[in-house]
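Subject: Structure handover, helix packing and a cavity

Hello,

Here is the structure for you to look at. My notes on it come after it.

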Amino acid sequence: YRPAHLTQTAADDTVGYSIAYARAANNQILLNILQARDRLPMHYLSVSGIADAPSTSNSVGASLLPLPFGSPLGALSGSSANASTSLTVHPSYGVTPLDPERLLKAVYAPAPNEVFQYYWDNGWPRDVLLYLLVGHARAGGCANLSAGEVIRAGQVSVAAGAPGPKDCAFAPDKAPVEIADLVARVRQARAGHEPMDVVPFRKGGCSLVTTASDAASRLELLKLAAGNKAYSYSEDAKTGSARLESCSGERSIALVFRGEDDRARLYLLDLRSLEQMSYWLGGRVREGGMPMVRPPGSDAAGHDVPLFRIEQGQLAHGLADADFAAALTYRGQRYRAGFAADCEIDSTCSAEARTEIDRSGTVLALLAQLYALAPAPESLTPPPRFEVS
């Protein structure tokens, strides 16, 4: 028993198994994109875990020739002895298809609005998020509310009939919105330090269910709103009365910009499912037209790189499979994606690395995290919002 040796072995094995699991997940995503490129069915598997049960065996052998009695000094010169130790590794892991409920909730269903807002608010590249997660966008104006009022409200509600004092009189544009135009608008806002925010959007508005004025009744309404997301609870700080409203209708997510005279400029986003993201990427790989985005570590114009790229065949000199997040053999060809960009594209990258840098690693990381959320897509859902005015 050697503690130092055991510590080193456990540390090395942990890193090795972690790398193996990560590459298995990345390769699964890359395989689905390749199958989508070829218009083949996509499948979703999970690796339940990797375990190891190594075994050691020892053997000792000896070979003795007849003793040469005439030469007592070299009696054992023709004999031999040997010993050997062997270590056998028995890794075990489980690979199983996703169950139907998990497929329906997290793979085939559109990404939850809260998931988009989570990544948007936590520093992920916004051009990558828009191209990958957003299938369609609609633009319009909120004529009766300022951008500041919409953002402070925390939610955009459009009533089915006449808008209430906190509802948005939304007037959609006739012309459709291209995602590339929306990406350019976001870049412009960031360059000019223009305020913009992501807020939930509800079309159909809220209808009054009941009101309450005493403390006990208000508490009951609050419990109803906390237990059912279809209800919205609000209080009037001046009168002490409470309102319980039923909020149904279309739900989406909206980007809010400050227009002229502080009017709210809204872009309503329809989000893709994980299946649709893989299929869309496969189509772009097959047909071309991959969007160009800002490279890792850069927010300046002039060095845009492809959103996603798959390398096929032989690599440039000095590069290997280990330099990529995913590498697999598919239909007799070797494919790779997700180059490890550990340098600055405009200064310290080698000529070979500069041609490989793109956002494929970010795309694989995002898809892998969405895939990992599949068991519980509601894990990023925030608590219900209560308004006090």
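Predicted model: local features only at pLDDT ≥ 70, side-chain atom pairs only at ≥ 80, totals over all residues.

Helix pairs

Two packed helices are described by the angle between their axes and the distance between the axes. I use that description for each pair.

H4 with H6. Helix H4 spans residues 126-133 and helix H6 spans residues 179-191. Their axes are 10 Å apart and the packing angle is about 160°. An angle over 145 degrees counts as roughly antiparallel, so H4 and H6 are roughly antiparallel to each other. The crossing of this pair is right-handed. On the H4 side the contact uses Arg126, Asp127, Leu130 and Tyr131. Those residues meet Ile179, Ala180, Leu182, Val183, Val186, Arg187 and Arg190 of H6. By type, the residues of the contact of H4 with H6 are seven nonpolar and four charged, with no polar ones.

H4 with H8. H4 also packs on H8, with axes that come within 9 Å and cross at roughly 95°. Angles from 65 to 115 degrees count as roughly perpendicular, and H4 and H8 are therefore roughly perpendicular to each other. From H4, the residues in this contact are Tyr131, Leu132 and Leu133; from H8, they are Met277, Trp280 and Leu281. The contact of H4 with H8 has six nonpolar residues, no polar and no charged.

H8 with H10. The axes of H8 and H10 come within 11 Å and cross at roughly 155°. That angle makes H8 roughly antiparallel to H10. The crossing of H8 and H10 is left-handed. H8 brings Leu274, Met277 and Leu281 to the contact, and H10 brings Val363, Leu367, Leu370 and Tyr371. The residues here are seven nonpolar, with no polar and no charged.

Cavities

Rolling a probe the size of a water molecule over the atoms shows where empty space is left. How many cavities of 30 Å³ or more are there? The count comes to two. The notes here concern the second largest cavity, which holds about 60 Å³ of space.

Its lining consists of Gln28, Ile29, Asn32, Tyr44, Leu274, Ser278, Leu367 and Tyr371. Which helix supplies the largest share of that lining? H1 does, with three residues. Helix H1 (3-37), helix H8 (274-287) and helix H10 (360-372) each give at least two residues to the lining. The lining divides into five nonpolar and three polar residues, with no charged ones.

Regards

How values were computed:
Residues numbered from 1 in each chain as written. Heavy atoms only, no water. Axes fitted to C-alpha atoms, helices over the stretch in contact; angles between N-to-C directions. Helix = DSSP H or I, 4+ residues; strand = E, 2+ residues; numbered from the N terminus. Parallel < 35°, antiparallel > 145°, perpendicular 65-115°, else oblique. Left-handed = near helix turned anticlockwise from the far one by under 90°. Contact = heavy atoms within 4.5 Å. Nonpolar A, V, L, I, M, F, W, Y, C, P; charged D, E, K, R; others polar. 1 Å grid on protein atoms, 1.4 Å probe; cavity = no way out; pocket = protein on both sides within 12 Å on 5 of 7 lines; lining within 4 Å. Points joined across faces, edges and corners; volume = space filled by probe spheres on them.
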